[in-house]
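Hi,

Here is the structure I promised to pass on to you. Please open it first, and then read my notes below.

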Amino acid sequence: MIILGIETSCDETALSLIEATGELTAPAFRLIGSEIYSQIELHREYGGVFPNVAKRAHAENLIPLFKRLLEKTGLAKPKAADGAIDEEMLKELERLLEREPTLFKEISSYVGTIEAPAIDAIAVTYGPGLEPALWVGVNFAKALAALWNIPVIPTNHMEGHIISPLLSQTDIAPIAFPALAMLISGGHTELALVRSWEDIKVVGKTRDDAVGEAFDKAARMLGLPYPGGPEISRLADEAREKDYGSPLDLPRPMIATHDFDFSFSGLKTAVLYGVQKAGELSHQNRAAIAREFENAVTEVLVRKTERALIHFNIQTLIVAGGVIANKHIRAAFEQLSRDSGVPLLMPHKDLSTDNATMIAMAGYMKAKDLAAAPADIKDLKARGNLSFGHIDGAERP
Ligand code: KG4
Ligand code: ZN
């Protein structure tokens with residue numbers, strides 16, 4: 001089955017084509033092609049991600065990316081000369097893209113010039129994320145589906161992150177359940193219990209800042225550029241290597257609480273006070289604080305994960321999201337896997353940040369239901385607050 005993935009939930013505009021085969025217990029995925037446009041430079045100017053700025057950038061970039069994807073993968077076949085979109089379809093597209101004038105203009109001028117490509121279904125992120133940004137992807141999916149008469153699979157962004165390690169792991173044994181997914185990125189910090197691909201529940205999450213967000217804020221307090229995660233990590237490595245002593249001790253927030261929640265805003269405040277007290281920061285002190293911060297975050301993440309591994313009798317550990325680019329955090333989870341004997345899956349670097357390949361993969365896991373009940377695409381809505389149900393950490397599987 002060939003699936004087109006569409007991802008516009010935050011600041012990456014991404015499209016991907018995959019071929020998916022096999023049973024849901026042992027799916028196999030092959031990447032055909034993918035295109036991604038990161039809006040990071042745009043948002044850097046504004047000092048953060050504004051939903052309507054993101055929305056406009058998605059709308060402007062989707063068609064150029066789509067064109068490139070189809071051309072690179074050889075799926076764009078020019079239509080016969082008389083093959084323009086007929087009046088009725090044009091009206092339908094106009095209705096579906098009422099809120100997306102840019103998309104409507106570009107779709108009707110490009111998509112009408114090519115034959116329907118060999119795509120079996122479209123998987124689109126419909127939440128969670130920034131609602132105006134999500135809508136662009138959802139409306140784009142609806143328009144393509146109407147045009148080519150193919151189904152849309154509404155896909156949860158977090159399910160994408162959870163399944164992301166499976167692209168590079170197709171030759172391993174099927175995942176043993178229950179699995180635990182620790183999702184760490186600039187937008188999310190969530191522990192999910194995966195009893196099967198159809199049964200995913202949140203068991204804990206951050207009560208305030210996400211891990212990546214905390215890295216970025218702490219970095220700003222240390223006078224480092226945005227995004228600060230990689231900067232902190234580089235300085236922390238240097239401090240470890242040269243054994244700089246830290247001018248302050250940071251707390252390990254919620255490390256001993258009997259739940260699986262996290263809190264990182266206090267840590268950020270502690271960095272702020274530390275920096276204020278230290279006055280002018282030497283390079284050494286800055287690096288040493290970066291190391292202490294990275295250690296504090298890592299210890300909390302790993303300790304909570306370790307507790308959940310035992311509590312839920314976990315058979316597979318998945319760690320995903322942009323923050324796994326952090327070498328120290330990766331190494332700590334690898335150590336946890338060795339110590340606990342629970343196999344660890346982490347996605348390839350390209351699939352750790354937001355992307356559409358993981359959305360197409362997660363869509364495949366839902367495609368089974370599609371035959372039974374094709375989603376009425378007109379009713380499909382973006383859902384910014386979409387969430388797996390939450391189960392109380394005390395509940396036993
Ligand atoms: O998944 P992701 O690309 O995007 C969103 O969640 O939107 O994650 C980006 C986050 C940023 O906060 C960034 O600072 C953080 O991941 N990050 C890191 C590292 N590389 C990226 N945090 C710590 N150490 C790193 N090496
Ligand atoms: Zn994400």
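Let me start with the ligand. This is a predicted model, in which local features need pLDDT of at least 70, side-chain atom pairs count only at pLDDT 80 or more, and totals for chains, interfaces and linings use all residues. Residues are numbered from 1 along each chain as its sequence is written, chains are lettered from A and ligands numbered from 1 in written order, and side-chain values use heavy atoms, with hydrogens and water left out.

There are 16 residues around ligand 1, and those that come nearest are Ser185, Gly186, Gly187, Asp216 and Asn326 (a residue is near if one of its heavy atoms lies within 4 Å of the molecule). Ser185 places a polar side-chain atom 3.0 Å from an oxygen atom of ligand 1. A polar backbone atom of Gly229 is 3.2 Å from an oxygen atom of the ligand, and an N or O atom in the side chain of Asn326 is 2.9 Å from a nitrogen atom of ligand 1. The protein buries 86% of the 550 Å² that ligand 1 exposes when taken alone (accessible areas come from the Shrake-Rupley method with a 1.4 Å probe; for residues, only the protein chains shown count as cover).

Which helices each supply at least two residues of the shell around ligand 1? They are H7 (211-221) and H8 (229-242), and H7 gives the most, with 4 residues. Helices (H or I, at least four residues) and strands (E, at least two) are DSSP runs, numbered from the N terminus. By class, the shell has 5 nonpolar, 9 polar and 2 charged residues (Ala, Val, Leu, Ile, Met, Phe, Trp, Tyr, Cys and Pro count as nonpolar, Asp, Glu, Lys and Arg as charged, and the others, Gly among them, as polar).

Next, the second largest pocket. The space in this pocket is about 330 Å³, and its lining includes Lys55, Glu92, Arg95, Trp135 and Lys378. (A pocket is an open set of points on a 1 Å grid over the protein atoms alone, where a 1.4 Å probe fits, with protein on both sides within 12 Å along at least five of seven lines; lining residues have an atom within 4 Å of a point. The volume is the space filled by probe spheres set on the points, which are joined across faces, edges and corners.) The largest share of the lining, 4 residues, comes from H5. By class, the lining has 3 nonpolar, 1 polar and 8 charged residues.

Finally, some backbone details. The peptide bond from Gly127 to Pro128 is cis, with omega near -15°, and Pro128 sits in the loop between strand S4 (121-127) and H5. Another cis bond runs from Phe177 to Pro178, with omega near -5°; Pro178 is in the loop between helix H6 (157-163) and strand S6 (179-184).

Asn149 is not a glycine, yet has a positive phi of about 55°. Asn149 lies in the loop between H5 and strand S5 (152-156) and counts as exposed, at 70% relative accessibility. Met254, also not a glycine, has a positive phi of about 60°. Met254 belongs to the loop between H8 and helix H9 (265-278) and is buried, with a relative accessible area of 18% (buried means under 20%, exposed over 50%, partly exposed in between, with a 1.4 Å probe and protein chains only).

Best wishes

Notes: A polar contact is a pair of N or O atoms within 3.5 Å; within protein, one must be able to donate a hydrogen and the other to accept it, and residues adjacent in sequence count only if both atoms are side-chain atoms.
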